[in-house]
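Dear colleague,

Please find the structure that I am handing over to you.

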Amino acid sequence: MQDNALFNFIVVDDSPFDIRIAEKIIERTGRQQSIRTFDEAQMALEHIGATGRQEQLTVILLDVRMPVMDGFDFMQDFEQFPDALKSGFRVFFLSSSMNQSDISRATSYPSVVSFLNKPISPAKLGEILDRLV
Amino acid sequence: MEGKIKVLYLDDEQNNLLSFKAAFRRDYTVLTALRPDEAFRHLEEHRDITVVISDQRMPEKSGVEFFEELRVQYPMPVRMLCTGYTDVEAVIAAINRGHVFRYIQKPWSETDIRFAIEEGHKYFVATSLLEETNRELLKANTELDKFSHSVTHELRSPILSVMGAINIAQSTDNVAEIKEMLSLAGKAMQRLDNFIYNMHDYYTIQRGKLNTAVIDFDKLISDLTDIYTIAGKTNNVRFEISNEVMEEVNSDQTVLNIILSNLISNAFKYQSKTRVDRFVKLVIRTEEGKCIIEVSDNGIGINEAHLDNIFDMFFRATNEEFGSGFGLYNVKDALKKLNGEIKVSSARNEGSLFTVTIPNP
């Protein structure tokens, strides 16, 4: 995959501020094929279930703490998808949590690539995308 | 009622049991057992046994062995060993292995036993209290942990939003984009301020002493009208207030304010986005010995599955608006302080009704 490959993005965050910021940052990388944002994790799951695997990789930026369904609940359900679907996705937690137990729990899900701290810069996100092959 | 001290006595000689029972049954509830398994059955059935006395020399098991087992299964009752022989080894074993509270020499005198039982019971009460306190402390500690974890998150996330917004604003010359980021930062700070406000309420309720006085409802209502009528106009929500207070109400103004402002601001906040005729209604009335406050709206309502949790700290039932997860917790806490109660009935997309009852003796 070349360095300027495009990705589909899904942002799951309960804060509309952080969703807006994430959108801006993604746009700054210029690597977006599409951006979908969800302030409720359940809606994101339904979207993934309905649209399935895309031609390009889909990067999910997932918040930890959200009301009703949090990031961990989301991962619990996401891991139930068939491997064929999951292989089209790369999940990153993007959170303000400094809690070590949150971080270890987050990275214990097989589909999670890593745990990123807010705020993330466009340059940092770009580097991460470059490593996704 | 305090009740009599419950004593269990284990001895393989029926006569000893009978004379023990005869001597102490008036002052204590006496249970007796000829064999260890019988003693365990009593312990299983009577969880309030505080003193266990056992003979040392028994055919199945020695008193020390019995106590060793007892200590594992029922650690709380105080253990006393009774033996007729000056059996030093047994006494040492009883202390080291059976952790006995006292050693009683046979033939026992009534005064000795009585004294030993009273002392043992006192010891039992003191240790139980200590255990209870420890348990409560442990619980408080766990809650504090959870609390500080959540507070850190709530304080930090708006700050990180602002930092993200600043990053973007700094790297653009587009004024519209900068303005958007500024407005975003402003809102995030508002959220932080709101959270800190709620924290302040929390400590006011937790630490504050009650300041009971006659509540000036006219003043209270005119204050609320000032605050919410404007908010209502911008959002097109009708604010109806009905003051049906017929007698003086004695309560704490600050605590009452916390309750009212949380319920009313929630009612304004969780309005339906599609409904045209939107309202928030406040009714305050008195009934004999009670002051009743009703706050109702025709907003988005609360999912039935969440109704039991809405008063929990940091619980949020919806994502439709910003909430600190603190508001209703504070309301419930405040009501605990006033010996009041709150009930809620709600239907999704139809609205909610919160009914607060405060005793007014």
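The notes that follow set out what was found, beginning with the contact between the chains and then turning to single residues.

Please bear in mind throughout that this is a predicted model.

**The contact between chain A and chain B**

Chain A contributes 21 residues to the contact, and chain B contributes 28 residues. Together the two chains bury about 2300 Å², of which 59% lies on carbon and sulfur atoms. On the chain A side, 29% of the area buried against chain B is supplied by F17(A), R28(A) and R65(A), which is more than any other three residues supply.

Four salt bridges are counted between chain A and chain B. K24(A) takes part in a salt bridge with E177(B), and their closest N and O atoms are 2.8 Å apart.

Which element gives the largest share of the side of chain A that touches chain B? That element is helix 1 of chain A, residues 16-29, with eight residues. By type, the residues on this side of chain A comprise 10 charged, eight nonpolar and three polar.

**A histidine in chain A**

H47(A) belongs to helix 2 of chain A, which covers residues 41-51. Is H47(A) buried or exposed? Its relative accessible area is 17%, and H47(A) is therefore buried, since the cut-off for that class is under 20%. Leaving aside residues up to four places away in sequence, H47(A) touches I10(A), R36(A), F38(A) and G52(A).

G3(B) sits in the segment before strand 1 of chain B, the strand being residues 5-10. With a relative accessibility of 40%, G3(B) is classed as partly exposed, because that value falls between the cut-offs of 20% and 50%. G3(B) and T29(B) are 26 residues apart along the chain, and their C-alpha atoms are separated by 8.9 Å.

**Cysteines**

How many disulfides are counted over all chains? The count is zero. Two cysteines of chain B may be noted here. C82(B) has a relative accessible area of 0% and is therefore buried. C291(B), at 2% relative accessibility, also counts as buried.

With kind regards

Conventions:
Residues are numbered from 1 along each chain as its sequence is written. Chains are lettered from A and ligands numbered from 1 in the order in which they are written. This is a predicted model: local features need pLDDT of at least 70, side-chain atom pairs count only at pLDDT 80 or more; totals for chains, interfaces and linings use all residues. Side-chain values use heavy atoms; hydrogens and water are left out. Helices (H or I, at least four residues) and strands (E, at least two) are DSSP runs, numbered from the N terminus. Buried means under 20% relative accessible area, exposed over 50%, partly exposed in between (1.4 Å probe, protein chains only). Contact means heavy atoms within 4.5 Å. Buried area is the accessible area (1.4 Å probe) that two parts lose on being put together, summed over both. A salt bridge is a side-chain nitrogen of Lys or Arg within 4 Å of a carboxyl oxygen of Asp or Glu. Ala, Val, Leu, Ile, Met, Phe, Trp, Tyr, Cys and Pro count as nonpolar, Asp, Glu, Lys and Arg as charged, and the others, Gly among them, as polar. A disulfide is a pair of cysteine sulfur atoms within 2.5 Å.
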